[in-house]
Amino acid sequence: MVTPTSPVSLPGAERTAMGVVLDLIEGIRRVPTGGTATVELRQAHPAAALDLIAAWCAASGNEIVVAEELSVTVRHGRTPDPLAQLDPSQRPGSRVWVYTNFDCNLACDYCCVRSSPKAERRAIGADRLQQIAREAADAGVSELILTGGEPFLLNDLDDLVNSCTDQLPTTLLTNGMLFRGARLERLRRMDRSRLTLQVSVDSATPAIHDSHRGTGSWAKAVTGIRIAHDEGFRVKVAATLPADQIHELDPFHDFLDTLGISREDQVIRALAHRGVSDSGIELTVDSLIPEVTITADGVYWHPVAADHDDQFVTRDIFPLADAIAEITRRFVEHRRAADRAAEWFPCA
């Protein structure tokens with residue numbers, strides 16, 4: 001025999017909070033997955049209502065998006081993890097860029113960080129680079145990428161590079177024009193098994209490359225590629241192509257094939273409207289997957305903007321793991337904000 005039980009009498013705070021949750025359930029039922037519903041807390045006890053909403057969300061697989069003093073907005077379903085949507089090689093901190101210096105033997109008319117022979121050196125320095133390499137290895141970074149400026153202007157570049165390759169596989173970006181004399185000897189002292197050279201060449205013939213980088217620079221860069229290969233280094237080639245020169249892509253690939261550059265080592269990037277460039281695609285924090293970038297001035301969101309305040313993250317390079325975590329946190333926050341801003345608005 002089942003004995004009927006008496007109705008449970010809830011305290012006022014719990015009763016009104018329950019009503020808010022029931023309103024929320026009805027609102028969530030009416031929106032598609034990914035949509036949001038907002039409930040007002042004016043007639044409830046806000047703290048009790050928020051606690052009950054949080055418990056219901058945890059149990060039902062929904063998510064509080066915004067909790068304000070008198071209202072709560074809940075997402076139908078959980079926000080996708082932005083990090084889970086990335087290839088592991090794209091996750092913030094999978095590789096770390098370091099600007100060794102900013103002065104350069106060239107003054108390219110689309111340099112994203114305004115390097116030139118007149119630019120201040122702003123060298124990262126041996127001690128900081130050694131610490132970056134050690135902490136990067138400890139933080140699970142898979143690769144270091146050294147760039148400039150032109151790194152081969154540094155008289156201690158072999159020591160700098162070797163402090164990195166001692167810890168992690170390293171890629172060194174260069175215009176390839178300075179492989180002679182003492183600089184060639186520095187190159188020869190670098191670890192061929194752990195170092196890749198990436199040389200900048202923009203076209204299959206001199207005209208386009210030289211128009212942006214200076215007369216004679218194409219021939220010297222191509223010679224540099226051949227020297228690096230002869231010295232036993234793996235060589236990548238990276239080209240910067242404005243949209244109106246995209247027809248150069250096929251002949252460019254064919255040309256690099258003749259230099260012995262594998263297709264996977266042929267990097268094509270679009271011209272960015274950064275630095276001294278007066279055209280190109282607009283790259284912002286919201287539009288870029290971050291690549292942790294370190295200069296003598298601090299940590300930046302991406303190497304394409306390592307001389308721009310809008311992508312500056314922090315002056316604190318160390319602990320490096322904290323800088324990586326901060327960039328990761330900001331990336332997740334930006335992506336989730338973008339998801340929240342994208343509303344489903346049916347017209348049929």
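**A predicted chain: cysteines, rings and overall form**

Let me begin with cysteine 104, which counts as buried at 11% relative accessibility; buried means under 20% relative accessible area, exposed over 50%, and partly exposed in between, with a 1.4 Å probe and protein chains only. The model is predicted, so local features need pLDDT of at least 70 and side-chain atom pairs count only at pLDDT 80 or more, while totals for chains, interfaces and linings use all residues. Residues are numbered from 1 along each chain as its sequence is written, and side-chain values use heavy atoms, with hydrogens and water left out.

How many disulfides are there? With a disulfide taken as a pair of cysteine sulfur atoms within 2.5 Å, the count is zero. Cysteine 104 takes part in none, and its nearest cysteine sulfur, in cysteine 108, is 6.0 Å away. The sulfur of cysteine 112 is too far for a bond, because the closest cysteine sulfur, in cysteine 111, lies at 5.4 Å.

I turn to the aromatic rings. The structure holds four aromatic pairs; rings of Phe, Tyr and Trp (its six-membered ring) pair if their centres lie within 6.5 Å, and planes under 30 degrees apart count as stacked, over 60 as edge-to-face and the rest as tilted. One of them joins phenylalanine 152 and phenylalanine 179: the centres are 5.0 Å apart and the planes stand at 65°, so this pair is edge-to-face. The pair links distant parts of the chain, 27 residues apart. Phenylalanine 152 sits in the loop between strand S5 (143-147) and helix H4 (157-165), and phenylalanine 179 in the loop between strand S6 (170-174) and helix H5 (181-188). Both phenylalanine 152 and phenylalanine 179 are buried.

Next, threonine 328. This residue belongs to helix H9 (residues 320-341) and is buried, with a relative accessible area of 17%. Apart from neighbours within four places in sequence, threonine 328 is in contact with Leu83 and Pro92, where contact means heavy atoms within 4.5 Å.

Finally, the chain as a whole. The protein chain has nine helices and twelve strands, which are DSSP runs (helices H or I, at least four residues; strands E, at least two) numbered from the N terminus. Of its 348 residues, 47% count as buried. Among contacts with a separation of 6 or more, 66% are between residues 24 or more positions apart. Along the principal axes, the C-alpha trace spans about 100 × 50 × 45 Å.
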